[in-house]
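Welcome! Here is a short briefing to read with the model open beside you.

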Amino acid sequence: MASLPANTGTVGDSSLCSTSSQCPSEGTSNSLTDSSPPSLSEPVRKCLAALAKAETDTERLAALFLVPKLVKGQDCDKQARLHLMKSIGYSFLARMLRSKDSPEGCPGLMYQSVALAVLSCFTGDEEIMTNASILFNLPILLDIINDADNEIYEENLLVINDAYEVITAIVSTEQGRNSFISNRGIHTLCDINIRQSFQSEKALTLLLSLLKLSGSACWSYHQGTQDFNNLMTKFCEEFYNSKNEGKFELCHTLRTIIRSFPKSNYCEEAWLPYLQSGLRDILFSKITKEQRDPALMLLASVIEVSDFEWCICGTKEVIASGKFVAMILNLSFIEVIMHLEEKKLEDVVGDLDLVVSCYFIIESGVSYMANERLSMLDDRQKGQLYSAMKNVFSTVLKFLHEVSLDLKDNPTELDDNDNKAFICATIRILASWLAEETTASRDDVCAILPFIFTLSNEAFEAQKVQKLQSLPGKSGFGKPPIQSANEFVPDVLRFLLPALCHLIAEDKSRQVLLTINIHEQLYAYLVYHWSIFECCKDWVQQQDSDGPDKSSSEPTYLLDNAKFDTVNSKFAICTICNSLMNLVVLEPHFVDTSPMFGSLLKFLMNALPTLQNSGEYLVLYGNICVLGLLILKEHSTRPSSSDFVVFKFIQCVVRFLWDAHNTDQSPDGSQLTVSQEYKDSWNDASDLWFLGVQVTCALIVQISWIKDFVVESGWAQSVIENLVNVKSLEEPTLSAFEDLLVSVAVENKSFIEEMKTLGVIQVCQNLKMRTLAQLISKGGKLPKS
């Protein structure tokens, strides 16, 4: 008779061991006694007695044949099942699972078959399915389903079915899913589907369920990105070639896979053209709404991962007519209006996925139209789309207004995650419109601002702690999120930031925003994004410095996420700074009397020296410089020059303003040019530079030690030296430098003499700096205007 794998203990021993590995104790999760409680039924008691009397593997195996029928009967409740599993012994089942032998004269794989048949009887018991000893044997179960094409299973297909049933029960729990993922179970399921092995339909069902529940955490292993792309290639080719109903069913499959993967740039992946072409086939065909809706939802997912750009690709005829772009936008407009117009929240949430997908298509279209990137559309087509967009956003505004009134009477509706997620998605699409269209429906917008920002702040606070704990070096880094993807409420405040710049710039909306303390929300949000930016930036730099040896590096998934978070938070901080700049300029008295701006100034002064004044961080550097200068100008509580923090801040500001121009990089030294380090970012940095010089000039007049620093640092002298041989200069730049030199020279006779030595008279003559020339001629006295 064939024997089971050896056990270092006796049969029925409570420790699950084999000759090659050590497993967790099987008795840790239960506190059952050896005696059978009188509450158990007679059949159960007899089976327990038979198991207890078994002295050999053969006798125990014989007793096991009683278990499946018994567990499925009416005499076996949860307590009885736990007693049965305790008596069987996890170690005994584990040894049977590992065996591919069979007793003489018995079917192949009988030991495995019996073990799985027994385990499949207990799939409804979470306590058993999540026992450490069961989870320890997941690799064995994965090997079985991955080897399903092996001829050894031909005579016993129930082994495969039972293995899937047990795995499905395990991953129905959070603990089981985490264990499955950590055992590279996703890799196994991908491999089965790519090879189209036996029972690949079950593998796909299991995979899609896991992707929906655990999202990006499923791909957090080293080969995750490769497996994702291989899987997408397989299904996208099938999607492209399909000419029957299977094409529409694949829409759901592909959408689930795409949405589970961390956001990345897929423009160069081989599978994307197949996906694009397959979607065009559907949407240009005569189809029913039931067929079109999955395609629209998949379309939104494709746009999300590859940008709106692919919608304007294709044949020359399609591109020239703009037919595809116009069609998908108009389809989305119609769906949104049909779902929102004259509807209550509870009426809409049932179609949440479809409406939110249409939101995303429209949001992307708005961005492209605003940036004049839909050049294939003529003026008539653009006019029609713009008019349709206005109708959509009028409907969105009205819907949100009605929801805000309803929630006053029934606030518990927000306890439902679907309700909150849908409202947040609706606010997000409204924000995309407000960021581009600065004048439409302002009274209606002002009416719902308190509702929008109260909800957005709640959403931010709800996810803040979890996000910060998941950063590199923190306790939750690389771990699955606590909430599932379906429960996650987006950080709406991030999407409102561009619109906030416009809203704060306008009097009526600004006053509404101040009543809800928008400045405090923005300060908290700035600190939050700075934490993300600084942590992810430093970690990515550390990973890059480790060199080409990737064997010890983090998974690509984690590195890509950290890079995305770095860039996203960098742009968020810049946009927050712009909004706060508007607030400081337009409400100087409010800034002067608000303690928060004093705290914000200290934060900015400490943050700036940690950045590099070049490359990809130049614009961020400039934003922090200028916002700090503006607050320093308006806030009555000013630090003294002996405060090292403020001194270091002013030093960084001067460096940002000083390094922007030079003559060294011009051919003959006769032209003042933008420095090479600034050129790539100058479109965004130039306004910051001009405003920075302007505010610095004002501070030179207000705070005497700043004037002294500008002279002692050598910046003012460098300006003159650079301009001596320059014959012409653009008016804005010329005016900025003249204002700077005038501010420093006022009532400063010793510096005027130094300026003369450096050639300032020649500069004034060459560049026609009349105000500076008059100041010098009068010995530092400004001419009366």
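The largest cavity in this predicted model has a volume of about 70 Å³. Counting cavities of 30 Å³ or more gives four. Rolling a probe the size of a water molecule over the atoms shows where empty space is left.

**Around the largest cavity**

- The lining of the largest cavity is made up of Leu657, Trp658, His661, Leu672, Trp689, Trp715, Ser718, Val719, Asn722 and Phe737.
- Two helices, α32 (644-658) and α36 (715-723), each bring at least two residues to this lining.
- Helix α36 is the one that gives the most, with four residues.
- Sorted by class, the lining of the largest cavity holds seven nonpolar and three polar residues, and no charged ones.

**Where α19 meets α21**

- Two packed helices are described by the angle between their axes and the distance between the axes.
- Helix α19 (residues 323-340) packs against helix α21 (residues 352-370) at an angle of about 135 degrees, and their axes lie 9 Å apart.
- Because of that angle, α19 is oblique to α21.
- The crossing of α19 and α21 is left-handed.
- On the α19 side, the contact is made by Ile328, Leu329, Ser332, Phe333, Glu335, Val336, His339 and Leu340.
- On the α21 side, Leu354, Val355, Cys358, Tyr359, Ile361, Ile362 and Gly365 make the contact.
- By class, eleven nonpolar, three polar and one charged residues form the contact of α19 with α21.

Key
Residues are numbered from 1 along each chain as its sequence is written. This is a predicted model: local features need pLDDT of at least 70, side-chain atom pairs count only at pLDDT 80 or more; totals for chains, interfaces and linings use all residues. Side-chain values use heavy atoms; hydrogens and water are left out. Axes are lines fitted to C-alpha atoms, for helices over the stretch in contact, and angles run from 0 to 180 degrees between N-to-C directions. Angles under 35 degrees count as roughly parallel, over 145 as roughly antiparallel, 65 to 115 as roughly perpendicular and the rest as oblique. A crossing is left-handed if the near helix is turned anticlockwise from the far one by less than a right angle, and right-handed if clockwise. Contact means heavy atoms within 4.5 Å. Ala, Val, Leu, Ile, Met, Phe, Trp, Tyr, Cys and Pro count as nonpolar, Asp, Glu, Lys and Arg as charged, and the others, Gly among them, as polar. On a 1 Å grid over the protein atoms alone, a cavity is a set of points where a 1.4 Å probe fits but cannot get out, and a pocket is an open set with protein on both sides within 12 Å along at least five of seven lines; lining residues have an atom within 4 Å of a point. Grid points are joined across faces, edges and corners, and a volume is the space filled by probe spheres set on the points.
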